[in-house]
Amino acid sequence: MSKRDYYEVLGVNRDAGDDEIKKAYRKLAMKFHPDRNPDNKDAEEKFKEAKEAYEILSDAQKKAAYDRYGHAGVDQSVGGGGQGFDGFADAFGDIFGDLFGGSRGGGGRSNVYRGADLRYNLEISLEEAARGAEKTIRIPTVEECGTCHGSGAKPGTQPKTCPTCGGAGQVRIQQGFFSIQQTCPKCHGTGRIIPDPCNDCGGAGRVKKQKTLEVKIPAGIDEGMRLRHAGHGEPGVNGGPPGDLYVEIHIRQHAVFQRDHDDLHCEMPISFATAALGGEIEIPTLEGMARIKIPAETQSGKVFRLRGKGIKNVRSHSHGDLMCHVVVETPVNLTERQKELLREFEEVSKDDADRHNPKAKSWMDKVRDFFGT
């Protein structure tokens, strides 16, 4: 599942303290809580996203892992799968080897983790969605620090086993009859300390970069569809495979057309005279202008279908249609002569109004039936 940076989710800096993180989470939780946003899936997802970010960043052990390895350091669904604390500790080195002075050899659990997936929201025009396009995007990523090669230590030095917890990342505190295990306050759960951090990455072992990627958009792609780019997500941990990048498509609102899957809809205003007497008008399509005949006595709201003038289906060669909705426009800014002609038309139509205005007659008949008159 693609995830955003947890600090970005909460809207805090990476050096934010516990109180600032908690305050940011409470603000988002109040805003997007499901009880305040019933039947709002978007708010529900944002609430879950904020809750997940807070659970990681409010825990010193998990926060340290996330700061060092990104999503892969706290995602137990990749690499180890349900290994509890041991699986988590694998991301930071051979804990058991540090504790007992030896290596686990080939029989130990693997500390290789797959990188997390990423999501990129790409906005395109309706024309680009219909015809296809190629876009260049820049995505944030993290890479292994080229100076320390991922160790976090200044060149010529090495990380050291934490003297407080012996590399376990946890310490036990005796309180009466009870023994409580908690995150080591010295190493913050990593099991090791870096006396001389790398100047380029500050001890994180990774640095932020911007990566350029060419995205090919197929013709007919629709709103919300996703394009998968394998291997362009976050890099893996300890040689693990990278995650994937999912480019989610969003189509900008068009000035003329509204899209309904492969069909297009547009409104076309016509004059009162054209609607009454008939005529020929030009209408826009994605390929240019087309002409349609308007029969006499056309009513406002009538739909004319232009077959094959919609959008090509992204999975087949079939095309949708263009639906042209006619809107009869009432004339404005009339001259005195035009008003005079309309009054004359109204006068000569009075004797045969029912024949000239059948919809009005039908509506009045319904009104009389309703009131029993």
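Reply: Happy to. Asn333 is exposed, with a relative accessible area of 75% (exposed is over 50%, buried under 20%, partly exposed in between, with a 1.4 Å probe and protein chains only). This is a predicted model, where local features need pLDDT of at least 70, side-chain atom pairs count only at pLDDT 80 or more, and totals for chains, interfaces and linings use all residues. Residues are numbered from 1 along each chain as its sequence is written, and side-chain values use heavy atoms, with hydrogens and water left out.

Me: Thanks! Where is Asn333 placed?

Reply: Asn333 sits in the loop between β15 (322-329) and α9 (336-349). Helices (H or I, at least four residues) and strands (E, at least two) are DSSP runs, numbered from the N terminus. Asn333 also has a positive phi of about 55 degrees, although it is not a glycine.

Me: And what about the phi of Glu297?

Reply: Glu297 is not a glycine either, and its phi is positive, about 65 degrees. Glu297 belongs to the loop between β13 (288-294) and β14 (303-306). Its relative accessible area is 63%, so Glu297 is exposed.

Me: On to the open sheet. What is the strand order?

Reply: The 4 strands run in the order β10-β11-β15-β14, with mixed pairing. At the edges are β10 (258-260) and β14, each of which pairs on one side only. From one strand to the next, the twist averages 30 degrees. Two strands count as paired if DSSP finds at least two bridges between them.

Me: How many bridges join β11 to β15?

Reply: There are 8 bridges between strand β11 (residues 263-271) and β15, and these two run parallel. Cys266 has Cys324 of β15 as its bridge partner, and Glu267 has His325 of β15.

Me: Do β14 and β15 pair in the parallel or the antiparallel sense?

Reply: Antiparallel, over 4 bridges. Leu306 stands opposite Leu322 of β15 there.

Me: Is Asp321 buried or exposed?

Reply: Buried, because its relative accessible area is 11%. Asp321 lies in the loop between β14 and β15. Not counting residues up to four places away in sequence, Asp321 touches Asp262, Asp263, Leu264, Arg305, Leu306, Arg307, Gly308, Lys309 and Gly310. Contact means heavy atoms within 4.5 Å.

Me: Changing topic to helices: at what angle do α3 and α4 pack?

Reply: Helix α3 (residues 41-57) and helix α4 (residues 60-69) pack at about 100 degrees, with their axes 6 Å apart. The two are therefore roughly perpendicular to each other (that label covers 65 to 115 degrees; under 35 is roughly parallel, over 145 roughly antiparallel and the rest oblique). Axes are lines fitted to C-alpha atoms, for helices over the stretch in contact, and angles run from 0 to 180 degrees between N-to-C directions.

Me: Which residues make that contact?

Reply: Glu55, Ile56 and Leu57 from α3, and Lys62, Lys63 and Tyr66 from α4.

Me: Last one: which residues touch the most other members in the largest nonpolar core?

Reply: Of its 35 residues, those are Ile124, Ile137, Val247, Ile249, Ile283 and Ile292. A nonpolar core is a set of buried Ala, Val, Leu, Ile, Met, Phe, Trp, Tyr and Cys residues joined through side-chain atoms within 4.5 Å.
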